[in-house]
Amino acid sequence: MMEEEELEFVEELEAVLQLTPEVQLAIEQVFPSQDPLDRADFNAVEYINTLFPTEQSLANIDEVVNKIRLKIRRLDDNIRTVVRGQTNVGQDGRQALEEAQKAIQQLFGKIKDIKDKAEKSEQMVKEITRDIKQLDHAKRHLTTSITTLNHLHMLAGGVDSLEAMTRRRQYGEVANLLQGVMNVLEHFHKYMGIPQIRQLSERVKAAQTELGQQILADFEEAFPSQGTKPKKPKAPDNPFHGIVSKCFEPHLYVYIESQDKNLGELIDRFVADFKAQGPPKPNTDEGGAVLPSCADLFVYYKKCMVQCSQLSTGEPMIALTTIFQKYLREYAWKILSGNLPKTTTSSGGLTISSLLKEKEGSEVAKFTLEELCLICNILSTAEYCLATTQQLEEKLKEKVDVSLIERINLTGEMDTFSTVISSSIQLLVQDLDAACDPALTAMSKMQWQNVEHVGDQSPYVTSVILHIKQNVPIIRDNLASTRKYFTQFCVKFANSFIPKFITHLFKCKPISMVGAEQLLLDTHSLKMVLLDLPSISSQVVRKAPASYTKIVVKGMTRAEMILKVVMAPHEPLVVFVDNYIKLLTDCNTETFQKILDMKGLKRSEQSSMLELLRQRLPAPPSGAESSGSLSLTAPTPEQESSRIRKLEKLIKKRL
């Protein structure tokens with residue numbers, strides 16, 4: 001009975017537990033099991049037969065039944081636990097659902113709040129960007145307006161330039177300008193309703209028409225029909241002149257290189273000819289001659305310039321100018337400076353260093369007549385080169401294109417020739433100055449305290465005058481064509497000789513009263529010779545330049561004032577010091593000390609006099625001068641001559 005009930009229960013259970021294949025597959029995947037009871041196709045009969053395959057196996061049926069019942073109870077317990085758990089889960093689920101709903105409501109509220117804030121932010125951003133958009137639109141419109149105005153300005157300026165170039169027949173420039181004007185005019189097609197724009201467009205069309213007519217007329221004039229007689233120094237400008245030669249401009253460097261080589265050979269020939277022929281012979285009748293090579297160089301320059309300008313007036317002319325500059329400098333260095341007497345010792349030749357060697361009682365070496373004439377010739381040549389180089393610069397600027405004029409500059413080369421002139425003058429000054437040095441040395445070594453009477457001018461003065469009369473006429477005659485540089489020579493010699501004379505004058509110590517009178521007479525003689533130096537030994541008496549006379553009078557008057565102070569008695573001290581302050585403009589203690597040494601005063605006597613001078617210097621000089629004092633203003637030569645005659649009469653009376 002029990003077994004039948006169980007079988008019925010199993011059948012009922014099987015009928016209840018019939019699951020769909022999909023559910024069964026999902027269960028097997030989640031809870032995999034090898035237990036036959038878990039199989040979907042479980043067959044109870046087969047399972048029982050498996051447990052009790054034979055009648056003998058039925059002996060432990062009670063044990064098997066007990067295991068199955070135990071298993072059933074365990075399953076029931078599990079099911080109850082699960083069911084109870086499911087009951088609790090439902091309650092928890094409902095509670096969780098309620099909490100979730102509350103959270104969703106809160107979230108919805110927050111989302112709504114965020115949405116409201118976002119809408120407010122969007123409205124605020126719209127208000128902020130509204131002005132920015134307006135500014136952006138304004139900027140865009142302003143940029144467009146500025147661009148349009150710039151185009152209008154370019155168009156107006158271009159039309160004006162187009163008309164001007166058309167009148168001047170500048171076809172090369174017009175070609176590029178017309179294309180630019182047409183490009184700018186395209187921007188104004190939609191503005192043709194504006195009268196001013198329409199007027200500019202009409203002016204462009206008129207210029208195009210005029211250009212066409214001019215070009216045709218120029219062609220007809222440039223290529224006249226057969227039988228037409230040419231018009232009778234100037235033909236009209238041909239707009240087609242140089243068009244063919246411009247095609248060869250990139251290759252004209254060959255011509256420039258050829259001229260570079262030719263000029264280099266020309267300079268070398270000048271150097272060789274000078275060495276072979278020697279310096280030009282002195283010719284005092286015609287004055288200093290310009291070296292023939294100088295004229296040859298500039299004639300060749302002119303030929304090259306004309307040839308190049310016929311081929312091109314563009315960059316090749318600039319390249320040729322560079323070549324001209326190169327060989328102007330080489331001519332100045334190799335032909336002019338290179339042939340001046342050397343300034344370093346060399347065997348067999350006169351040098352400046354030998355001029356400076358003083359030998360007591362003997363004459364020093366001087367430049368020969370030929371060498372003096374050579375220096376003057378080089379100076380005259382440099383002056384000619386200087387003037388001609390300036391003219392060359394002007395001619396090059398006339399030939400070259402207007403746009404390249406700024407690049408033509410020969411100032412550096414003109415400065416080079418000016419340097420040669422200065423060097424030549426300095427050599428002439430040094431030669432004469434050094435020739436006078438032994439005489440000045442002899443003056444400073446004379447025993448002036450032993451001079452007992454005043455006579456004619458001293459031998460050293462005669463020696464100085466002799467050297468001046470030997471050199472100056474030669475220099476003057478050879479610089480007759482460049483008189484201003486002869487004046488520069490005189491000025492530089494005076495500026496060199498007079499300070500040196502005063503320096504040697506201070507070395508004359510001690511000096512007696514009579515010795516000072518003799519020195520004063522010698523100084524006056526030198527002064528008169530120097531004033532007459534520009535025209536000395538000349539048949540034509542010419543007044544010396546005022547600039548030169550001023551230098552001589554100022555310098556030699558200072559020497560005379562020094563001797564006047566030396567001649568004055570040193571007692572009383574106040575009178576002597578005041579007389580010194582009045583006579584010398586540079587009344588300082590150093591000069592005063594030298595004068596006291598010339599007088600032969602002892603150091604003990606000098607100290608009190610120097611102290612008195614320091615005390616008296618701040619006081620302003622008295623307006624009234626003593627009878628034996630001279631004015632600070634330099635006297636004129638006539639006044640000096642009158643004063644010296646009075647001094648000579650005074651000396652004769654004393655004798």
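## Helix assignment and overall content

Helices here are DSSP runs of H or I with at least four residues, numbered from the N terminus. Asp522 belongs to one of them, helix α16, which covers residues 513-531. The model is predicted.

The secondary structure of the chain amounts to 21 helices and zero strands. The chain has 655 residues, of which 35% count as buried. Its accessible surface is about 40900 Å², and carbon and sulfur atoms account for 56% of that area.

## Packing of α13 against α14

Two packed helices are described by the angle between their axes and the distance between the axes. For helix α13 (residues 411-445) and helix α14 (residues 459-478), the angle is about 170° and the axes are 8 Å apart. Because angles over 145 degrees count as roughly antiparallel, α13 is roughly antiparallel to α14.

On the α13 side, the contact is made by Leu428, Asp431, Leu432, Ala435, Cys436, Ala439 and Met443. Helix α14 contributes Tyr460, Ser463, Val464, His467, Ile468, Asn471, Val472 and Ile475. Sorted by class, this contact of α13 with α14 contains eleven nonpolar, three polar and one charged residues.

## Packing of α14 against α16

Helix α14 also packs with α16: the two axes come within 10 Å and cross at roughly 10°. Since angles under 35 degrees count as roughly parallel, α14 is roughly parallel to α16.

From α14, the residues involved are Tyr460, Val461, Val464, Ile465 and Ile468. They meet Leu519, Asp522, Ser525, Leu526, Val529 and Leu530 of α16. The class composition of the contact of α14 with α16 is nine nonpolar, one polar and one charged residues. Tyr460, Val464 and Ile468 of α14 are listed in the contact with α13 and also in the contact with α16.

Not counting residues up to four places away in sequence, Asp522 touches Trp448, Asp456, Gln457, Ser458, Tyr460 and Val461. Among these, Tyr460 and Val461 are α14 residues in the contact with α16.

Ile323 lies in helix α10, which spans residues 315-336. The relative accessibility of Ile323 is 10%, so this residue counts as buried.

Ile323 is in contact with Ile256, Asp260, Leu263 and Tyr301, leaving aside neighbours within four places in sequence. The C-alpha atoms of Ile323 and Gly264 are separated by 9.8 Å, although the two residues are 59 residues apart along the chain.

## Backbone features in the loops

Most residues other than glycine have a negative phi, and most peptide bonds are trans. Against this background, the peptide bond from Lys509 to Pro510 is cis, with omega near -5°. Pro510 is located in the loop between α15 (483-507) and α16. Another cis peptide bond joins Glu571 and Pro572, with omega about -5°. Pro572 is placed in the loop between α17 (546-567) and α18 (573-583).

Ser537, a residue other than glycine, has a positive phi, near 60°. This serine, Ser537, is in the loop between α16 and α17. With a relative accessibility of 52%, Ser537 counts as exposed.

Terms used. Residues are numbered from 1 along each chain as its sequence is written. This is a predicted model: local features need pLDDT of at least 70, side-chain atom pairs count only at pLDDT 80 or more; totals for chains, interfaces and linings use all residues. Side-chain values use heavy atoms; hydrogens and water are left out. Axes are lines fitted to C-alpha atoms, for helices over the stretch in contact, and angles run from 0 to 180 degrees between N-to-C directions. Helices (H or I, at least four residues) and strands (E, at least two) are DSSP runs, numbered from the N terminus. Angles under 35 degrees count as roughly parallel, over 145 as roughly antiparallel, 65 to 115 as roughly perpendicular and the rest as oblique. Contact means heavy atoms within 4.5 Å. Ala, Val, Leu, Ile, Met, Phe, Trp, Tyr, Cys and Pro count as nonpolar, Asp, Glu, Lys and Arg as charged, and the others, Gly among them, as polar. Buried means under 20% relative accessible area, exposed over 50%, partly exposed in between (1.4 Å probe, protein chains only). Accessible areas come from the Shrake-Rupley method with a 1.4 Å probe; for residues, only the protein chains shown count as cover.
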